[in-house]
Each structure stands twice: as structure tokens, then as C-alpha cells.
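The tour below goes from one selection to the next.

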Amino acid sequence: MSDSIRDRLKPAEDTPEVHHAEHPAGDPVVSTHHAYHPDLRNDPKRAKRAEIAVSALFLLAVVGVIGFVVTYIAAPFNFGTANYQTFTPLLGIFMTLALTGIGSGAVLWAKTLMVDEETVQERHHLASDPKDRAETVEILKEGFEESGLPRRSLLRNSILLGAGSLAVLPVPLLFGLGRFQHKEAVLSKTGWKAGSRLLDELGRPVKLGDLEVGGVKSVFPDVPGGRRMADSAALLIRMLPEDLHTSPSRKDWVQEGHIVYSVICTHLGCPVKLYEQQTHHLFCPCHQSTFDAANEAKVLFGPAARNLPQLAISVDADGYFVAQGDFTEPVGPSFWERKPSYSDKVGA
Amino acid sequence: MTSTRSRISGYAVVVLALALVGGLYTAFAAPKPKADTGTNQSIAVKEGRQLYLQGCSTCHGLSNQGGAGGPSLIGVGASAVVFQVESGRMPLASAAAQAPRKAVKYDRTQIDQLAAYVQSLGGGPTLPSGPLDDGNLALGGDLFRTNCSSCHNFAGAGGALTRAKYAPALKPADARVIWAAMQSGPENMPRFSDNQLTPDEKKAITTYVRFITNQNKDPGGAALGHYGPIPEGLVVFLVGIGVLIIVTLWIGARA
Amino acid sequence: MATLVEKGASGAATWVDDRLGSSNFIKRSLNKVFPDHWSFMLGEIALYSFIVLLLSGTYLTLFFEGSSREVIYNGAYTPLKGIPMSAAYESTLRISFEVRGGLFMRQIHHWAALLFMAAIVVHLMRVFFTGAFRKPRELNWLIGVGLLVLGIVEGFAGYSLPDDLLSGTGLRIAYSIALSVPVLGTWVSFLVFGGEYPGGSIIERLYPIHILLVPGIILALITFHMMLIWYQKHTQFAGPGRTENNVVGSKIYPAYAAKAGGFFFLVFAVMAALGGLAQINPIWLYGPYDPSQVSAGSQPDWYVGFLDGSTRLMPNWELRTLGHTFSPNVLIPTQVLPGVLFGLLALYPFIEAKLTGDRAYHNLLDRPRDKPVRTGLGVMSITFYLILLVAGGNDIIASIFHLSINEITYTLRAALFIVPPLAYLATKRLCISLQQADVHLLHHGVESGTIRRLPSGEFVEETVPLPSQYSVLLATTPERKELIAHAHTEDSEPKAVAAKPRGFFRPRGGVVEPPPDHKELERTVD
């Protein structure tokens, strides 16, 4: 029992002592004669078997490469042609075959045929000799003294200021990345203006009666490129007029149960276009903010803090929907310069 | 007052249940209606009414006024019937947040008869005749991404709505069901009238949906459910890291 | 043949050595010893993924056009014919449908990116739980944390470049996050994007950042990371003959090099298999970016998922006062939280050293169970992270299992604060139990399966001594020595077990029975 415990807890006593080496990265190594795998040098039969296995794996790589090349040249590839969808998987299979052959062959080779003995190498001490360290510090100090910097305060201060001012150099260049503009003004404006018709995604104006109750339509301002304007996308919703609750100040913003909201989420700007026609919920697919379309897009759930801005609409002489003007508050996410007074208007 | 009404409706349920049993017997005993009966509209309406009384009136009411379980069907149109019945949602098995897809209970002729009957009640949207999915694929894609993908996902794999509701996956839906869904706006789905999305545009959307859900052959290998980056992340850990850890164990193992 | 090769090799070596005097260095390098343990290869996965990223990425640059110039599509993928899109998206379609093998390379590139990040995280866990970050390796820990953060930035830039619907949705969120920064927000976001979103130049700007700037820094840091490993020598687990002052393992040449080289090809093979067989980022289905479109279940790649999750769980706090809008609902989950998380991660080695007062060199690794507090903290952090990650996919979970997304969100909000502390306590307790089990094993050996009947009629199971590999693991670290040395003394419990725990955390049964030959044991250990 005591022998076995000594065996179990055998410390590094069979490790030959090797003292500090000259070259940090090249400390001498000593074998412990514990092999990682049986030495096949004296077992030609098993060695031969191992060699065959390793070679077979290496040759598998050739098969993979041939398959890859043949696939690349000959397999159907053009979209829509028969079996074109097998092209990429075939490339993958053959490349995997080739790489697995080489990779596992190399590992198997190392694990069977190469001599692989456990080896001990001493670590060098990382910290320098205290004497060297002191000398280095001394040299640094001396050099600093010799430069005259500690004594000449004008020099010291001017070099600090001069070198520090260099940090300003890139700043004007950074400002070249964008135009100078009044951020709040830019962010408050969208493509909508008074009299602008509500166009659908194909550029056709939307008429009263196009939507049935429970219908929704993505609408865009009637300006060039209106559909691609990132701040102007809006959603026209039709519900039963009695379901729609608006504050008195917004009574004229809706038309016979039709109401328009900005779809740009007031949280992080995703298009809020999931509309549940029975619950009147508008739901953002990015972070699940939920708005009540029947109640001025009030926030019901999720991280958004503000209602979706509402666009006032009316109907022109030809029966087409038109905007009464731009949104009365900036659409989309919050920003520092956004005046709290915008949101005070809600429900006023 | 309320209790009287509920007692009456209780009796009504019993009576209806009896009627249903009898009706089912008749349905099974009677020979299957021939396919050409649908050509004669009035016969179809009559047959549809029989089917309605047997299978639907329990919830929707004997005179379509709506009832304990179901809404009125006056004015919902043939499209609503096609969507609900042809996708197996109706008849409903049990009350749920949302009617799930089930095995279809009626054959195509019966569905057309039911649809003709409901259509006769108060009009409403109907499916056009002719092919429904030979439209413009690229236009359909654009319209799909504008109107549909926000709920049904970019590949029609479906998505979550609020409070356990969901937009279903579109793969099982055929062109008729897709079309009927757009027209009728079932449950929480918005309604897309023909003024809003013209039949040509609906055809384009149907074509695109059928393409991405049925004819699409994913050129990049397994589609991972078309759910986007989440299954991709799972695969990289379970397959990528998983396999490679096994490899490291092999490399590190001592013989 | 053999002599010809030998001649050639020696000739080349002579030629090089005449000019560089490199033989001495090469000789020393080839003799270098690396300890081997499977978990030491996790970092290699990240390294090899990065090499594959460089190779596949370079190939993609030959075809990709990093431009937001609008074009009308007229390529091979008919379902998008006639649709306006950016040149970046069009060229990505071209790579996918018109360049032979282009889709394969795209998919390998994307899978390699996911694998790169996954391997970094798994490697980080290994380093953390074994205490490999301790002196003298704190610098390399910092470099590693830097690589993790840069990897996230690089990955996000790559995710954004194809300018598909998912890219654009992600970019819009990034812009909005920048916008929420107090005072500077509008300036930062306008300068980065070149104006109000979309600004028209973000693709052009991200492209050089993605293919030159960030990968350049990553490459430099990886090089430095490897040089430090080389110079400081790898840590090792305790074992026969292994001390703080040596390295026991294989010499780098030839066997270790063959294994590592082979492993590179096997890692590459996994990426090739995924790239060929598992479709990733099907941009043709997402469609080109259009600010009015969105897909249900829009998600970032997994390594950004935890931030998406924190954003989803955050309540809608916003302050509107004094003429300004301040958005904790955006700032806390997207900026404060990652700042704190990565800050704590970077500083952890210093915090631990400060709290434990441990200033010693450590070349022998800890077994996680020997450091119940650290291991507990690690599991606690992983739990916290996982809850955020799950929250990032709450809509997919709700959609697949038809659950209420609202309930999932409420549950995860609560779980974020309740579960991690429980995970900490459970882990700590488990570590202590495992320590006790070790001590028990050491003293009693392994159960043999042989039942013996004692004269008294009692049945006992015979035990056999541990296999040597096992037992040495039990005794070589300082904690272990202490644990065993103190195991038999009635009055002082082993420090590693009893220093902190109270009550439930006190070792069951107080002290472990002294082994019959504990004097022998003590002598051997000391």
C-alpha cells in the first residue's frame, strides 16, 4: 500500500536536474523514455500495416482532389439547370475528402510511425537578473537626465504641448467624412410634404376604398426615389372607424378609419410592419416592441419608449390619399438633440 | 337574462350535436357528390348548405349569424372558406389562440360547394378561375418582401407574433390557399383586396411563394430551416466545435 | 532518391545559414517541447479558421464590389431580374450564381468566421477555467480579449457588406445605436455613415475596414499572441514529473508538427464540409436591402446575438428632459453592458491576483474544481451570457414552439438576475464535492467490484489503488498538497475546501477519514 502511494505521488525526482540555460528559447531537452505510442521500429509487421493505413489516407486526398476538379469542370452549375443544387455540396464533399485524407494521414503517421517520446524541458526564469534590471533602470534614468528634460521646464512643457497638438491633426480629416449640417433639422425632415400623394410600393397612388377593413399598405411619399427613402416609409392601415381612438387634436389626421404611421421603429429603426388586424398590434421583428395602432401607436410592450409618429392624411378631389404635411416629430430612434416637446404633443 | 340565454344555447348545442351525428351518418351513407355538380351553381349552393349545416353550423350558427364559437360568415366570401377548409383549419378541433393547420376534412368538390353556399349569403371575395401561380417571379419577390416577409419570414418559414400567435410557415399552402389568405385576411393577417394587390400582383406573389417554398432548390446545401443566423450558430457549435473536439481528443490520446 | 533529398536539404540549409546564421535558432526551435492535452488545441482551431478566412476572403475580393452604386439586376438568378440593388449585393449574387465555386467559397468564408469566433470563446473558457491567464501570462490574456472584440467587429462588418436585407437591417440598428450616444451620437453616426441613414457610403467605408484594417490588426495580434506563447512556453497540467519549472510534452519536430499540421487540414476539412453541405446566409432569399422591408426573425450572427438579446430584454426607459432625449433603453444593453462585460473580462487576471494576493508565477494549470470561486464565477458568467443569447433568439423559439414571445421575454428578464447566482452557488458546491471525491479516491482507492465478507458478517467492497496517472493529478498543485496534507487533522480542515464555504458549503461529514498510512503520504507529498 505504501509503495503504491509513493508511486502515485511520485514527484519530479526522475527528472534529471537541468540548470538555467543560456538561450531562453532553446532550453535543453531530456527524454523521459515514456513513449506516446508503442515504438513500431521493432515491430515491422505492425509498422507496415500502419504505413499502409497512412498511405491510404494520403491517397484518399488524391481521390478528393480528382473529384473536386471533375465536379468543378463538369457538374451542372447554372441556376435553374437540372441538379444545379448539387454543385456546391459535391465540391464540399470532395474538398472535405481531400483535406481529411491529408490531415488524418499526417496525424496517424505521427501517432504510429514517428518516434514520439515524452520529453522534459526546463523553463527559463522569465524575470531578468535583478542586477540587469537595476542597470537598465539606471541607464534609462541617466539618459533622461542627460536629455535635460527634467530641468528645463519650458522644453518639457513645449514638447508635451507640441506633440499633444498632433492629436488634433486627424480631427478635421475625420470631419471630412460627412457634411456639416444641422442634425436635428435633418433628422426631423422626411420626404413627406403637404399634398404629397401616398404611393404604394409600385409607385401607384392609393385611393380611398383600395383597402378593405383589416387591410394595410406600405406607402411612400410622391417624390423621386420616395420608396428608397429610409426615413419616409409609412404604413396605411384601415380599421373600423369605431375601433380607432385618436386624441381630439388628431381627429382630422385620419380618414374613415384609415390611419398612417411611420414604420421606422422609435427604438432602433427597424420597419415595424407586422400588423395584427384583429388586435391592431404593430410588432417589430427586431426587438419585439409592440404598438397599438388603434391608439396612436402607443407602446404596449418591448424596449421602444415612444409612439410611432403619425402622419396626418386627407383625401384629395380625385379620391386619392394625400399627406397634410410632414411628420410633426422626427421619425425613428431617439437622439440627443431630439426635443422632449415633440413627444409632449402626443395625446395633447 | 344571461342565464336563460345560456340555458337555451345549451339546448341548442344538444340539438345541434344530434343533428351533426345524423348529418354525419347521412354524409357517409350518401354517395359522393359528382364533380360536375359544381357547374350548376344552385345545386352547389344547396349541397353546400347541407355540408354547412352538418359541419359548421354548430359554431357559426344555423343561419350564419355567428355563434358561441365562430364569427358570422355573411360577407366573408368564398375565399375565406377555401382558406380555412382547404388548409384544414376548419372545422376547428378545439379552441386555441390560433386555428392550427390539420388534415383536410373535405374534398375539393365539397369545399367548392361550401364556398358557393357561403358566397351566396352576402357576397365577398372569391378566387378567380384559371392558373394562380404563373405570374412574374421577380415582381412577386419584391411584393413578397414588402408585404409578406415581415411576418412570414424571408423564405416563408413563418414567424412569431405577439402573445403566442404566429404567422404560419407557407410551405404546406398551395396556390389557392395562399391566394385565399391574401383575399380574406384570416384571423390576424391583414386583408389584401384586389384594389390593393391586383390579381396579377397576387399571382406574382403566389408564384414567388410557391417558388421559395416548393420549387426552390437550395444551392448551398441543407437549408437549416431557412431560419437565418440562429440555426447557423447552433450548427457551428454542435457540428463544428463538436467534431473538432472529438478530433483533438483523438490527436491527444495516447496509444 | 533518399540521398538526393538529403543532399538538397543540406544544400538549402547551408545556403540559408551562410546568409542568416539561422541554424542555431532553428535547432533550438525544433527541439522545443509542447505539453499536449486536447484542450490546448482549441486555440489552434481559431488560428486555423483565421488562415482559412484570409484565403477564402482574398478569393472573394477578386469578385466583390464594395459599392452602394445602384444597378438593375440582370444576372443569372431569375427571381431577382429587374430589381434595383446595390453593386455590392449584385456582385455577391454574381459570386453565388455565376462564379464557379464562388458560393462554396462564400459559404466557407462565413462558416470560418462563425467557427473563428466559436473557437475563440471555447479557448477563452479553457484558459479561464484552468487559470492559464495568471502571471506571467496576463499580457496574452489581454491580447486574447482584444482579439475577441476585434473578431466581433470584423464579423459584423463582413455580415454587413453584401448589402442584403439582413445586412441593412443590422446596419440600421448599428446606426441607431450610435445615434443614441449622449451629446456625440448624431455626430458619430453621421460621420460614420456619411450623413443621415443610409448615408450612401457605409459599404464603401466598411469594405477597407473589413479586408485591410481589422484583419491586419488581428493578424498582428495573433502573431504577438503566438510569440508570447512560444517565448513564455505553454502551461501544462500537473502530472508525473511535471513541475512549475519544466515543460513535459513532445518535441515540436517531427511528431508534434505533423499532428498540428494534420489538425490544420482537419479544421479546414470541417469548414469545407460545412461550406459545401450547410447553406449559410442565403442572400438571394433575403433580397436586396430596402429600408421599407424586413423579414420576421431578423437576427445577427451568433457572436452579436447576446447584444441583440440584451436589447430585447431591456425595459423601455427613456429620459426626455432639459431639451434633450437620453436613451438608457438603448445605451445600457448595447454599450454599457458590453463595456462592463469585456472590461471585467480583460481585468479578471488582475482582479483575481489582487483578491487572492497571489503574485507567484504559475506554469501548472488548475483543475477547475480546485478553484471553486473562480469556476463558479466562470459558470455564472457563461449562464448570464447564454440567457442573453437565448433572448436574442426569443422570436425563433416562440415561432418554432408556438410560445408567447411576451412570456419568454418576461421569463428571461427574471432569469437573467436569478439563474446566474444560482449557477454560481451550484458550481461552487459541485467543485467542493468533486474535491472531496478526489480525496476519498486518494485515500481509499477505486472500488474493485469484489465484495468480501468480514468475519463479523459485514460485507465490504474491496478497493484497488488508483492508476498512477490519476493519483498524481491529485497531488501536485499546491492546493492539492494542502488538501491532502490537512485531510487527516481533526482541528484544521483543508484550506481549499473550508476557507470560504459556510453551512451547505461546508464539506459533508466535516473531515475526511485519515488514510491508514497518512504519515507516509505526508512525507511523500512534502
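Select R228(A) and D290(C): their side chains form a salt bridge, with 3.6 Å from N to O. A salt bridge here is a side-chain nitrogen of Lys or Arg within 4 Å of a carboxyl oxygen of Asp or Glu. Between chain A and chain C there are 6 salt bridges.

This is a predicted model, in which local features need pLDDT of at least 70 and side-chain atom pairs count only at pLDDT 80 or more, while totals for chains, interfaces and linings use all residues. Residues are numbered from 1 along each chain as its sequence is written, chains are lettered from A and ligands numbered from 1 in the order in which they are written, and side-chain values use heavy atoms, with hydrogens and water left out.

Next, select the residues in contact (heavy atoms within 4.5 Å). Chain A gives 102 residues and chain C gives 125 residues. By class, the chain A side has 56 nonpolar, 25 polar and 21 charged residues. Nonpolar means Ala, Val, Leu, Ile, Met, Phe, Trp, Tyr, Cys and Pro; charged means Asp, Glu, Lys and Arg; the others, Gly among them, are polar.

Now select β2 (117-122) of chain A and β4 (residues 246-251) of chain C. Strands are DSSP runs of E, at least two residues, numbered from the N terminus. The two strands run antiparallel and are joined by 4 bridges; strands pair if DSSP finds at least two bridges between them. Which residue of β4(C) is the bridge partner of T119(A)? The partner is G249(C).
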